[in-house]
Every structure is written in structure tokens, then in C-alpha cells.
Amino acid sequence: MTRDRLRGKVAIVTGAAGGIGSATARLFVAEGASVVLADLDGAGARRVAGELGAAAAAIEADVTRESDVAGLVALALSKFGRLDVLHNNAVTAFPDDGDPVGTPNAVWQQTFEVVVMAAVYGCRHAIPAMLRSGGGSIVTMSSGAAHHPTGSRIAYGTCKAAIETLSAYTASMYGVQGIRSNVVSPGFVLTPATRGLFDEGQLAAFSATAAAGRVATPQDVAQVVAYLASDDAAYVSGQVVKVDGGGARGLKW
Ligand SMILES: NC(=O)c1ccc[n+]([C@@H]2O[C@H](COP(=O)([O-])OP(=O)(O)OC[C@H]3O[C@@H](n4cnc5c(N)ncnc54)[C@H](O)[C@@H]3O)[C@@H](O)[C@H]2O)c1
């Protein structure tokens with residue numbers, strides 16, 4: 001169900017070819033927004049944008065390159081005339097992201113670039129354009145991994161924690177000028193990419209122990225991103241909104 005929550009708004013979604021980003025871009029357009037879909041996978045972004053008609057523009061972009069991120073903002077302005085929403089969503093998973101002893105420096109640096117610096121570049125270039133549009137909403141994607149360490153992926157979890165702080169500072173520093181900044185923090189989300197990581201038995205176990213009785217879909221997450229992007233959330237800023245269905249069911253003692 002859509003409610004026209006983003007009528008007239010112009011948004012950028014990074015990682016828009018991916019599982020959650022594509023669902024969010026589709027929902028943004030369904031809710032009335034015009035959307036720049038950015039992804040390293042330019043063909044994937046173009047495929048999703050192709051479904052969405054004139055309200056969508058695809059661009060191949062690497063969010064770890066500041067000039068590419070500046071280009072996303074320039075495209076939003078030249079194609080759609082303003083910028084209201086930035087969704088920092090792109091991510092790369094690095095197989096060697098392990099524990100504090102074994103994780104290579106290069107993995108730390110690449111993870112920092114794609115998670116933290118991409119969001120820094122996004123804020124740096126989007127905020128001035130949003131101010132010219134009278135304000136805006138930045139929605140940055142974190143992960144449960146920021147606060148619930150698992151057996152691997154220390155760089156990913158650490159960098160996700162860092163962008164939660166970046167978002168809170170942005171909310172505090174630009175709120176008075178009409179910029180809101182929030183974080184969405186999903187638990188496990190079933191996407192084409194995550195489906196490939198687990199066998200059917202493991203996926204069934206995730207659903208069986210989930211408080212919600214099932215795992216999250218990309219649409220579950222997109223609905224919360226769209227809410228935070230919209231004026232329904234006009235007084236919501238500096239928050240981290242978990243989308244984990246209540247987490248895992250507790251043990252009985
Ligand atoms: N799927 C989950 O279970 C889950 C859980 C918690 C948080 N998240 C977060 O949700 C967001 C989306 O995840 P997803 O599951 O849809 O991942 P995904 O792998 O399906 O999509 C990520 C997209 O980002 C793109 N990308 C990678 N590096 C890029 C770069 N340098 N520049 C531009 N685009 C780049 C990829 O091409 C891909 O299309 C991520 O921030 C992720 O950390 C996902």
C-alpha cells in the first residue's frame with residue numbers, strides 16, 4: 001500500500017541495484033518521488049530504473065569516489081531540479097573481514113571508504129543542495145552488526161557504528177536549518193545476495209527463532225526508509241531505527 005508520502009520530492013538512493021536499495025527506489029517512486037538510482041553496477045541500476053519510467057534516472061557511480069558522489073547530486077539537480085532525500089545505502093562485503101587479528105589493513109580501509117567516507121561525501125555534497133531546496137532528509141543504512149558482534153566482519157560492524165555517530169552529528173548540526181538525519185538498522189534481511197550465503201535449513205532456523213516468526217524482506221526495510229524520508233517524520237531526527245522484527249525470541253529459563 002502506498003500513500004503518496006513523497007509526492008514532489010527528489011531522492012538519491014545509493015546501492016539502488018541491490019536487494020534493499022532496489023526495493024527502496026521502487027517504493028520511493030510509488031510514493032511519488034523522483035529518484036536518482038546510483039550503483040557501481042550501472043546495468044543493474046539501469047534495469048531497475050527502466051521499470052520506473054520518467055521518475056527514475058540511473059547512474060553508474062562509485063560512492064567511494066567523491067567526484068562520483070558530487071555527480072549524483074548534480075544529476076538530481078539537472079534532471080529533477082532539487083534534492084530532498086539522500087539514502088546512503090551502498091555496501092560491499094569483503095570475505096577477509098574477520099577478527100581483530102586477521103583482518104587485513106586493506107579490508108579495513110576499503111570498508112571504511114564504502115561505509116563511512118561514502119556517507120561523508122554524501123553529506124558534504126547533498127546538504128548544500130538540500131538547503132537550497134528548503135531542507136531535507138538523510139537516511140543512512142546501518143546494521144545490527146554495529147551493536148551485536150558476530151563471529152566475523154569486525155570492520156563492517158565497526159564502520160556501521162561510526163556512521164550512526166556521523167548521522168547523529170549531522171542531525172544536531174543541521175537540524176535548525178531543516179535537515180533531518182536518521183539511521184535504519186536492519187537485522188537479517190532476505191535478499192538475493194543473502195539468500196546465497198545460507199542453506200534452506202539455516203534460513204528456516206532464522207525464521208523459527210525470529211520474534212516476528214519470519215525474516216525481514218527488503219520491502220519491510222524500504223517502508224521505514226520511506227517514512228523517515230517523508231514529512232510524516234518531520235520531528236524525527238538523530239535516531240537509529242531498528243528494523244529487526246523484535247530480534248530473536250528469548251530463551252525460557
Ligand atoms: N541484507 C541484510 O541482511 C542487511 C542487514 C543489515 C544491514 N544491511 C544493509 O543494507 C544495505 C543494503 O544491503 P543489501 O543487502 O541490499 O546489499 P546488496 O549487496 O544487495 O546491495 C548493495 C549494492 O551496493 C552496490 N555497491 C557496492 N559498492 C558500491 C560502491 N562503491 N558504489 C556504489 N554502489 C556500490 C552493489 O553493487 C549493490 O548493488 C547495506 O548498507 C547493508 O549494510 C543489509
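In this predicted model, helix H4 passes helix H5 in a right-handed crossing. H4 spans residues 105–132 and H5 spans residues 154–174. The cysteines treated below, Cys123 of H4 and Cys159 of H5, both take part in the contact of these helices.

**Helix geometry**
- Two packed helices are described by the angle between their axes and the distance between the axes.
- The axes of H4 and H5 come within 8 Å and cross at roughly 20°.
- H4 is therefore roughly parallel to H5, because angles under 35 degrees count as such.

**Contact residues**
- From H4, the contact is made by Trp108, Thr111, Phe112, Val115, Val116, Ala119, Val120, Cys123, Ile127 and Leu131.
- From H5, the residues in contact are Ile154, Ala155, Tyr156, Thr158, Cys159, Lys160, Ala162, Ile163, Leu166, Thr170 and Tyr174.
- By class, the residues of this contact comprise 17 nonpolar, 3 polar and 1 charged.
- Lys160 of H5 is in the contact and belongs to a residue type that counts as charged.

**Cysteines**
- The model has 0 disulfides.
- A disulfide requires cysteine sulfur atoms within 2.5 Å; the sulfur of Cys123 is 15 Å from the closest cysteine sulfur, in Cys159, and so is too far for a bond.
- Cys159 is likewise in no disulfide, its nearest cysteine sulfur being that of Cys123.
- Cys123 has a relative accessible area of 10% and is buried.
- Cys159 is also buried, at 3% relative accessibility, because the term applies under 20%.

Technical notes:
Residues numbered from 1 in each chain as written. Predicted model: local features only at pLDDT ≥ 70, side-chain atom pairs only at ≥ 80, totals over all residues. Heavy atoms only, no water. Buried < 20%, exposed > 50% of the residue type's maximum accessible area, 1.4 Å probe, protein only. Axes fitted to C-alpha atoms, helices over the stretch in contact; angles between N-to-C directions. Helix = DSSP H or I, 4+ residues; strand = E, 2+ residues; numbered from the N terminus. Parallel < 35°, antiparallel > 145°, perpendicular 65-115°, else oblique. Left-handed = near helix turned anticlockwise from the far one by under 90°. Contact = heavy atoms within 4.5 Å.
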